[in-house]
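User: Hi! I've got a structure open and would like to talk it through with you. Could we start with how you use your terms?

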Amino acid sequence: MKKILALALCSASLSMYAQHGLEKDIAAIESKVIEWRHDIHQNPELSNREFKTAEKIAEHLESLGIEVQTGVAHTGVVGILKGNKPGKVVALRADIDALPVTERNDLPFKSEVKSDYLGQEVGVMHACGHDTHIAILMGTAEILAKNKDKIRGTVKFIFQPAEEGAPPGEEGGAELMVKEGVLDNPKVDAIYGLHIGSYLPVGQIAYKPRGAMAAAQRFVVSIKGKQSHGSAPWSGVDPIYVAAKIIDGFQSIISREMELTKEAAVITVGKISGGVRNNIIPESAELVGTIRTLDYDMQEKLNARMKEMAANIAKAYRAEATVDIAKGTLITYNDPALTEASIGSLKEVAGDENVNLVNATTGAEDFSFYQKEVPGFFFILGGKDPNAGPDEHYPHHTPDFKIDDSGMLLGVKAMTNIALDFLDRK
Ligand SMILES: [Zn+2]
Ligand SMILES: [Zn+2]
C-alpha cells in the first residue's frame, strides 16, 4: 500500500528514474552487484597496485559497449557513456583500493590475501568498503548503458585508485587523476560520489552541504639526538624521550589552542620509531601521523604551531626536531546549490525520512580534489546490518569492519537517479 503510494508520488515528480521504469532493471542487478562485491572483497589490492581490480572493471565496462580508458593515474579506469541525446556531462566516482589490514571476519568471501607494504608483509582487506563502491558503480554503469536512449548527455564513470593515499614517494589518487585530465574531454559539469558507512543502517543516506569531511595531512617529525650507551644517558641526547614530549606537546595544541566550538581538529601520531635494541640510546627517532581540520584558518595555525612546538621542545632537551607536513587532501566541500538540487533525487529512491543532514566528520576523502575543480556532491550510504544492535558496529579501517550486502542496491538507485536527474535539469 505504502509502496504504491510512493510510486505514484515518484511518477508525479517526473524523474527519469520512475518515468522510464528503471526500477525493474535495478532490482534485477542486485545479485550481480553482490557477486562482484564478494569477488573484489576476496581479492583486495593496495593503493596504486589495483591491477586485477582495474582489469575486471575495464572488462565489465567494455562488455557494456562503454568507451574505456585504462591506466589513468596508474591503475584508474574511466568509462565514457554517451547518451542518445545531447546534453551535459556528469561524472560518478568510485574509489577502488584496499588497506593493509588483516581481516578477522568469518565470511565466506573473507580476504586471505597477503602483500608487501613498505617492506612489511601485511594482510590486505577492503576495510573501508571500497569493494562496495566498485560493485555499486559497475551496477550503475550497466543500468545506464542499457538505457542509453534515455540519457540526455554523457556519463563519465571514474574508478579511482589510491584513495587511501599512494605509497610514500608515489603520486596517486584523485589529485593525479585530475592532473591527468579526468575532468576534461569531455569536460565534466558536476561530479557525484558516495561512501558506504558501517555505522549508518542500511537504507539510509546522510549528507552535509559545504565542509562535510576534513582535510587530512600526513606529517613526519624527525628528531635528532646523540647516540650513547643505554646505561649512560648523560653522555648522549635521548631522541626517544624527546619524542614523548613532542607527542604530549602536540595534544596541547588541540586542547589549549584550537577553538573547538568552531570546528573539530585532530592530531594523531600513528607511528613512532627509533632505536635498535634495549641498551642503546639511538641517534634519531621519528613520529608519523595525521592532522584533520575542517577550517583552513585553523589548519594554518595548527601547522605553524606544530613546527614551532616540536623545534622548541627539542631545543629545550638539547635535541633537534623538524616537522614535515604534506599538503594533503582538501576539505570535502559539497557545493551548496548542487547539494540542494540533488537531495530530491536521493529522497525519491530512499524515502524522505531516510535522507538526513548530519554533522561534518574528521574522516578525509580525496574526492575533495575533484570538488576543487567542478561542483561536486559526496554523500554517505548506509551499510550497517539492519539486524545489528545499536552499539554493534565495526569501524572503518579495522579487522572487523563489516558491510551488509543489502545496502548496495540503494547505492545503485541513488547513483543512477542522481545522474539522470542532473542531466535532465536545465
Ligand atoms: Zn578509508
Ligand atoms: Zn574510504
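Analyst: Happy to! Buried means under 20% relative accessible area, exposed means over 50%, and partly exposed is in between. By that cut-off Cys 128 is buried, because its relative accessibility is 8%. Please keep in mind that this is a predicted model.

User: Good to know. How confident is the predictor, as pLDDT goes?

Analyst: The protein has an average pLDDT of 93, and 95% of the residues score at least 70. Residues 1-14 are a stretch to treat separately: pLDDT stays under 50 there, and the model gives them 7 contacts beyond four places in sequence.

User: Okay, on to the metals. Which protein donors does the zinc ion (ligand 1) have?

Analyst: Cys 128 through SG, Glu 164 through OE and His 397 through NE2, at 2.1 to 2.3 Å from the ion. Their spacing along the sequence reads C-x35-E-x232-H. Cys 128 and Glu 164 are 36 residues apart and link distant parts of the chain. Cys 128 sits in the loop between strand S5 (120-123) and helix H5 (130-146), while Glu 164 sits in the loop between strand S6 (152-160) and helix H6 (173-179).

User: And is Glu 164 buried, partly exposed or exposed?

Analyst: Partly exposed, because its relative accessible area is 25%.

User: What about the zinc ion (ligand 2), which protein donors are there?

Analyst: For that ion the donors are Cys 128 (SG), His 130 (NE2) and His 195 (NE2), lying 2.1 to 2.4 Å away. The sequence pattern is C-x1-H-x64-H. His 130 is buried, with a relative accessible area of 0%.

User: So which residue bridges the two zinc ions, and how far apart do they lie?

Analyst: Cys 128 is the bridge, and the two ions lie 3.1 Å apart.

User: Nice. Let's look at H5, then. How many residues does it have, and what is its reach?

Analyst: H5 has 17 residues and spans 24 Å from its first C-alpha to its last, close to the 24 Å expected at 1.5 Å a residue.

User: Why do you call it largely enclosed?

Analyst: Because 16 of the 17 residues of H5 are buried, the rest of the structure largely encloses it.

User: Is Asn 185 buried or exposed?

Analyst: Exposed, because its relative accessible area is 69%. Ala 73 lies in the loop between strand S1 (67-72) and strand S2 (76-82), and is buried, with a relative accessible area of 0%.

User: What is Asn 303 in contact with, leaving aside its neighbours within four places in sequence?

Analyst: Its contacts are Gln 217, Ile 291 and Ile 325. Asn 303 itself is found in helix H8 (residues 296-316) and is buried, with a relative accessible area of 15%.

User: Last one: where is Pro 336?

Analyst: Pro 336 is in helix H9 (residues 336-350). Pro 336 counts as partly exposed because its relative accessibility is 25%. From Ala 141, Pro 336 is 195 residues away in sequence and 26 Å away in space, C-alpha to C-alpha.

How values were computed: Residues are numbered from 1 along each chain as its sequence is written. Chains are lettered from A and ligands numbered from 1 in the order in which they are written. This is a predicted model: local features need pLDDT of at least 70, side-chain atom pairs count only at pLDDT 80 or more; totals for chains, interfaces and linings use all residues. Side-chain values use heavy atoms; hydrogens and water are left out. Donors are N, O and S atoms within 2.8 Å of the metal (3.2 Å for Na, K and Ca); water is not among the atoms, so sites may look incomplete. Helices (H or I, at least four residues) and strands (E, at least two) are DSSP runs, numbered from the N terminus. Buried means under 20% relative accessible area, exposed over 50%, partly exposed in between (1.4 Å probe, protein chains only). The expected span of a helix is 1.5 Å times one less than its number of residues. pLDDT is the predictor's confidence in each residue, from 0 to 100. Contact means heavy atoms within 4.5 Å.
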